[in-house]
Amino acid sequence: MKIDPNDVFYHCVEGCSEAIMITDKNKILTNVNPSWLETYGYSHEEAIGKTPKLIRSDLQNDFFYNSMWATISQNGSWKGELVNRAKDGSLVPVILTIASYKNAAGEVAGFMGIAVDITTKKQLEAEVIHQDRLASVGVLASGLAHEVGTPLGVIRGRAEFLLMETPENSKSSKALNIIMQQIDRVSHLISTLLSFSRSTSDLNIKTYEMRPL
């Protein structure tokens, strides 16, 4: 697609905040806008003459791309979510729309791709999922602490009672002391789980406060 620098369309593409690339019918890049260059970290000279494989990541296989281009060939366009790779190796999740354009004779002359960077959206989604999982673990920990802590308290009480009735420094008293020490270790673990439960609940509340209404 030949773009006239004086054309309104050219200025719209150049000023668009989304990454836009234009190829010929052989999928060779002929134009990319400043947002595309900023998103992927390449210079204009590094991009022009290459194919979109320049930014392809290994998170989609050949079947994915073959299906995508089959849809474009049949319908003239395709829209979906994929992950590209910038020059520095960082992954860039995008919602990509690809549409073919035709020449005066009605033949496909090339393709235009518009990518919406959804990196921030994906990071927020991952954070919410992570906090939800932590909250679930916290609820489980709280229930476990209650169910285990109560019988442990009973066992320790009985051990203390038996220790009072047992001669000092006898084998039985040493065994009872070991039992109480091990119960204290488990009790400390339960206390840690309860603290974890409370902290994850606070984190979960803070995360949801960030959500727009």
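1. Let's start with Lys27, which is partly exposed, with a relative accessible area of 30%. This is a predicted model, so please read the notes that follow with that in mind. Lys27 belongs to the loop that runs between strand 1 (19-24) and strand 2 (29-32). Its backbone deserves a look: phi is positive, at about 65°, although Lys27 is not a glycine.

2. You will find Asn169 in the loop between helix 5 (119-164) and helix 6 (171-209). Is Asn169 buried or exposed? With a relative accessibility of 61%, Asn169 counts as exposed, because the cut-off for that class is over 50%.

3. Five strands form an open sheet in the order 2-1-5-4-3, and the pairing is antiparallel. Which strands stand at the edges? They are strand 2 and strand 3 (77-85); each has a single partner strand, so one side of each is left without a neighbour in the sheet. On average, neighbouring strands of this sheet are turned by 25° against each other, direction ignored.

4. Here is how some of those strands are joined. Strand 1 and strand 2 run antiparallel and are linked by three bridges, with Ile22 standing opposite Asn31 in strand 2. Strand 1 also pairs with strand 5 (residues 108-117), again in the antiparallel sense, over six bridges. In that pairing, Met21 stands opposite Gly113 of strand 5.

5. The pairing of strand 4 (residues 91-102) with strand 5 is antiparallel and extends over nine bridges. If you want a spot to check, Ser100 has Phe111 in strand 5 as its bridge partner. Strand 4 and strand 5 form a hairpin with five residues between them. In the turn, Gly106 has a positive phi of about 85°.

6. What does the side chain of Asn33 reach at 3.0 Å? The answer is the backbone nitrogen of Ile20. A polar atom of the Asn33 side chain also lies 2.9 Å from the backbone nitrogen of Trp36. Setting aside neighbours within four places in sequence, Asn33 is in contact with Val13, Glu14, Cys16, Glu18, Ala19 and Ile20.

7. How many aromatic pairs does the structure hold? There are five. A pair of aromatic rings is described by the distance of the centres and the angle of the planes. For Trp36 and Tyr42, the ring centres are 6.4 Å apart and the planes stand at 35°, so the pair is tilted. Trp36 is buried, with a relative accessible area of 1%, and Tyr42 counts as buried at 14% relative accessibility. Together with Tyr40, these residues form one aromatic cluster.

8. Finally, have a look at Phe64 and Tyr65. Their ring centres lie 5.3 Å apart and their planes are at 90°, so the pair is edge-to-face. Phe64 counts as partly exposed at 25% relative accessibility, whereas Tyr65 counts as buried at 7%.

Definitions and conventions
Residues numbered from 1 in each chain as written. Predicted model: local features only at pLDDT ≥ 70, side-chain atom pairs only at ≥ 80, totals over all residues. Heavy atoms only, no water. Phe/Tyr/Trp six-rings, centres within 6.5 Å; stacked < 30°, edge-to-face > 60°. Buried < 20%, exposed > 50% of the residue type's maximum accessible area, 1.4 Å probe, protein only. Helix = DSSP H or I, 4+ residues; strand = E, 2+ residues; numbered from the N terminus. Polar contact = N/O pair within 3.5 Å; in protein donor to acceptor, adjacent residues only side chain to side chain. Contact = heavy atoms within 4.5 Å. Pairing = 2+ DSSP bridges. Axes fitted to C-alpha atoms, helices over the stretch in contact; angles between N-to-C directions.
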